[in-house]
Amino acid sequence: MSYDDEALGDIERSLSYLINQSPVEVYAIALDLLRDPRKPLPREIANGMERIARIAGRNSLRDPPLGVWTTGMHIKQDDYIRFTDYHLWCRIRLAQFLATADLIKKTGDEWIWYNTRCGVCPLTPTSIVVPTAALGAGKRPATWWVTYWEKVVALVGECPSEDPFTDGHIWDSTLRGLAKECPTCHETAAKEFPHFKDKLVNMITDIIDGVRMPFDDLPDLSKG
Ligand SMILES: [Zn+2]
């Protein structure tokens, strides 16, 4: 291992360390190293940098939407514009998915929120146009579910990631409210939601992974 390779290994470790904290900066540095034609990276380091850029790009989706590029930023303007395009595409694809996804159970009893017969939870009035397919075309979801869904969909619109479904805050407060209002639905919803969430999160992960990163079209400059 040459001195340069060792230094690159150190940089790789530092970038990995900062990957959650400063994803945009980490992404920019990894990208610069990846495509510097004067210094082709050894294959192993190039693979590591690409992995880091990919994770950093993914992590950046959890943060508030990117603003406009300014001169003080540690990322080139062109790269930043391509990066904001990536964010935009993730938002568009997820919005399309959440508006059209068929999240109705195919077999067995329907999810409790689409099919409660508790007689306690108010149902969405038929006069209301149910805004997304995920709320169940032709169904009358419980209004607590519609409230939950609208909140997470709004968050996904800001930060296109699995987080609004996985971090649990909104769901936890939904469940707490339900525990007071309707013990029947509360118990079943608490049991069913983890299964629903796992399916949904897997689908969301596939969609985001399907959006090409801006560097996916770069020529391979690594050596070896
Ligand atoms: Zn109920």
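1. Helix 5 is a reasonable place to start, because at 1.5 Å a residue its 16 residues should span 22 Å and its end C-alpha atoms are 23 Å apart, which agrees; the expected span here is 1.5 Å times one less than the number of residues. Helices (H or I, at least four residues) and strands (E, at least two) are DSSP runs, numbered from the N terminus.

2. On provenance, this is a predicted model, in which local features need pLDDT of at least 70 and side-chain atom pairs count only at pLDDT 80 or more, while totals for chains, interfaces and linings use all residues. Residues are numbered from 1 along each chain as its sequence is written.

3. The buried residues of helix 5 are Trp-144, Trp-145, Val-146, Tyr-148, Trp-149 and Val-156, where buried stands for 20 or more other C-beta atoms within 10 Å of the residue's own, exposed for 12 or fewer and partly exposed for what lies in between, with C-beta atoms placed from the backbone. These buried residues pack against helix 4, helix 6 and helix 7 (169-181), a contact being a pair of residues whose C-beta atoms, placed from the backbone, lie within 7 Å.

4. By class, the contact of helix 4 with helix 5 has 5 nonpolar, 1 polar and 1 charged residues, with Ala, Val, Leu, Ile, Met, Phe, Trp, Tyr, Cys and Pro counted as nonpolar, Asp, Glu, Lys and Arg as charged, and the others, Gly among them, as polar.

5. Asp-79 also lies in helix 4, and with 19 C-beta neighbours inside 10 Å it counts as partly exposed. Not counting residues up to four places away in sequence, Asp-79 touches Ala-28 and Leu-31, whereas Asp-79 and Thr-143, 64 residues apart in sequence, are 43 Å apart in space, C-alpha to C-alpha.

6. Tyr-114 sits in the loop between helix 4 and helix 5 and is partly exposed, with 18 other C-beta atoms within 10 Å; its C-alpha atom is separated by 15 Å from that of His-195, 81 residues apart along the chain. Cys-159 is in the loop between helix 5 and helix 6 (163-166) and is likewise partly exposed, with 19 other C-beta atoms within 10 Å. Leaving aside neighbours within four places in sequence, Cys-159 is in contact with Leu-61, Arg-62, Asp-63 and Pro-64, and its C-alpha atom is separated by 8.6 Å from that of His-87, 72 residues apart along the chain.

7. Helix 3 (residues 43-60) has 18 residues and reaches 26 Å from its first C-alpha to its last, close to the 26 Å expected at 1.5 Å a residue. Its buried residues include Ile-45, Met-49 and Ile-52, and also Glu-50 and Arg-58. In helix 7, by contrast, Asp-172 is exposed, with 10 other C-beta atoms within 10 Å.

8. For the chain as a whole, the secondary structure comes to 8 helices and 0 strands. The radius of gyration is 22 Å, well over the 17 Å that the globule rule gives for 224 residues, so the chain is more spread out than a compact globule; the radius is taken over C-alpha atoms, and the rule is 2.2 Å times the number of residues to the power 0.38. Along its principal axes the C-alpha trace spans about 70 × 35 × 30 Å, and 28% of the 224 residues count as buried. Among contacts between residues at least 6 apart in sequence, 69% join residues at least 24 apart.

Methods. Contact = placed C-beta atoms within 7 Å.
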